[in-house]
Amino acid sequence: MLRLLVSLYIVVFASIIAINLGSEAIWRNWVEQAPDDLRHATLVAGQYKQALSYIKEDEFESFLSTQTQLTVFPYEDVAWLPEQLTALRQGEIITSFDATGNALLLFMTNNGMSVAQLGPFAPAQSAEVKQYTIKFLSYSVLALLLVIWLRPLWIDLVQLKRTSEKLASGSLDLTTRRSRFSAIYTLTQQIERMALKTASLMSNQKQLVNAVSHELRTPLARLKFALAMLAPKAPEQVAAMEEDVTEMEVLIDEMLSYARLEFANQQLHMQQCNLAPLVLDQLEKLTRTTDKQLITHTINDTLVMCDPHQLTRVIQNLLQNADKYGQSTIRISLDQRQNKAVFTVEDDGPGIPESKREQVFQPFSRLDKSRNKETGGFGLGLAIVSKILSWHNTSCEINDSELGGACFTVQLPLVSQSEPG
């Protein structure tokens, strides 16, 4: 932070000094040195003043008669401002203007009792345009210098943004490119080290999950073979052991499935899709396996942008969750509200307390701590739902259902049929 503050102060301080010096040089050489009638007339007035000081009184009138632009009058004829009168008495040449805006040059004559007037002259051209031009150029130079100072900082910030986006999407291919001239070079180094460490930990975790899951299959296969050989001797005990082995296999499949999701978002196939057929297809499958009453309401032509394969998995997991915890009734609806497709699954089960609704989307999280086989599952179904919906920039909301259980709601923006898919 100190480095950033010092570098910014130096850049601004040096830029202001350079701009001020440059502006003054331009003003002196471009504006003040520009020729105009009034400046030339001022030089002439000085020569007149010097010439009048050498003319004798008897020759004064004859000299004035030959000068068409020079007029002499008593200084009491004019109501002078105190500043003007003081300047005249000090021998200075002052400038005044008539009603039409023409300039008049005035100075005291040698006797100090009269005032000589030279003019009128056309006024000097206004320097306002030149003044604003110099200001514009000064601010432009300052902006350019700040852009040059900010460029390395901008490069580092863009790099940090890309790195965070890659980590958020699960990509572990991190490439670092930073500017050594950036004011946050040290901070960028620390953040990139942290990002690389995080990527390494994520990679190790995935490799560990995959390795453990795959390595467990071999001893499980041997156990299943041994149990098949022992089945004739102790059928009841073997049946219970086979059930445990099957449960372990299902757990391994779930773990592998969830681990693969970390890379699946890099291969999403987003397209325009009608949700109604996806919901109806999963409802047909559920009808063949459940003994609960299904209350359905779906609207056709519900077009959204999604990955159909992944969104089908969301629908399937939500229906299976309702079938698992519902008592006798499940209500499924697909509606359109405020330019959004709204998919809702409700059940008449025990429901989910409000304090636990965020927890159920965490991997291996279950409200039933006993992990009994009647309810089944390993706490990965809703975690998969949350992960897939996050790729679609949405989420699943949990509320209380009118049936007495939980109500799961998913909303996706509708796509107009005229909009290209």
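Residues are numbered from 1 along each chain as its sequence is written. Because the model is predicted, local features need pLDDT of at least 70 and side-chain atom pairs count only at pLDDT 80 or more, while totals for chains, interfaces and linings use all residues; side-chain values use heavy atoms, with hydrogens and water left out.

**Exercise 1. A covered strand**

Task: Find out how many residues of strand β3 are buried, and which strands pair with β3.

Solution: 
- Step 1. Start with the terms. Strands (E, at least two residues) and helices (H or I, at least four) are DSSP runs, numbered from the N terminus. Buried means under 20% relative accessible area, exposed over 50%, and partly exposed in between (1.4 Å probe, protein chains only).
- Step 2. Go through residues 103–108, which make up β3: six of its six residues are buried.
- Step 3. Sort the side chains by direction. Ala103, Leu105 and Phe107 point one way, and Leu104, Leu106 and Met108 point the other way.
- Step 4. Look for partners; two strands pair if DSSP finds at least two bridges between them. Strand β2 (residues 94–97) pairs with β3 in the antiparallel sense over four bridges, and Phe97 stands opposite Ala103.
- Step 5. Turn to β4 (residues 114–121), which is antiparallel to β3 over five bridges. Here Leu118 is the bridge partner of Leu105.

**Exercise 2. An enclosed space**

Task: Which residues line the largest cavity, and which element gives the largest share of the lining?

Solution: 
- Step 1. Define the search. On a 1 Å grid over the protein atoms alone, a cavity is a set of points where a 1.4 Å probe fits but cannot get out; lining residues have an atom within 4 Å of a point. Volume is the space filled by probe spheres set on the points, and grid points are joined across faces, edges and corners.
- Step 2. Search the whole structure: one cavity of 30 Å³ or more turns up. The largest cavity has a volume of about 70 Å³.
- Step 3. List its lining: Leu275, Val279, Leu311, Val314, Ile315, Ala341, Phe343, Val410 and Leu412.
- Step 4. Name the element with the largest share: α9 gives three residues.

**Exercise 3. Salt bridges**

Task: How far apart are the closest N and O atoms of Arg331 and Glu402, and how many salt bridges are there?

Solution: 
- Step 1. Recall the idea: side chains of opposite charge can pair when their charged atoms come close. The rule asks for a side-chain nitrogen of Lys or Arg within 4 Å of a carboxyl oxygen of Asp or Glu.
- Step 2. Apply the rule: the count comes to eight salt bridges.
- Step 3. Take Arg331 and Glu402, whose closest N and O atoms are 3.4 Å apart. This pair links distant parts of the chain, 71 residues apart.
- Step 4. Compare the cover: Arg331 is partly exposed at 24%, whereas Glu402 is exposed at 72%.

Key: 1 Å grid on protein atoms, 1.4 Å probe; cavity = no way out; pocket = protein on both sides within 12 Å on 5 of 7 lines; lining within 4 Å.
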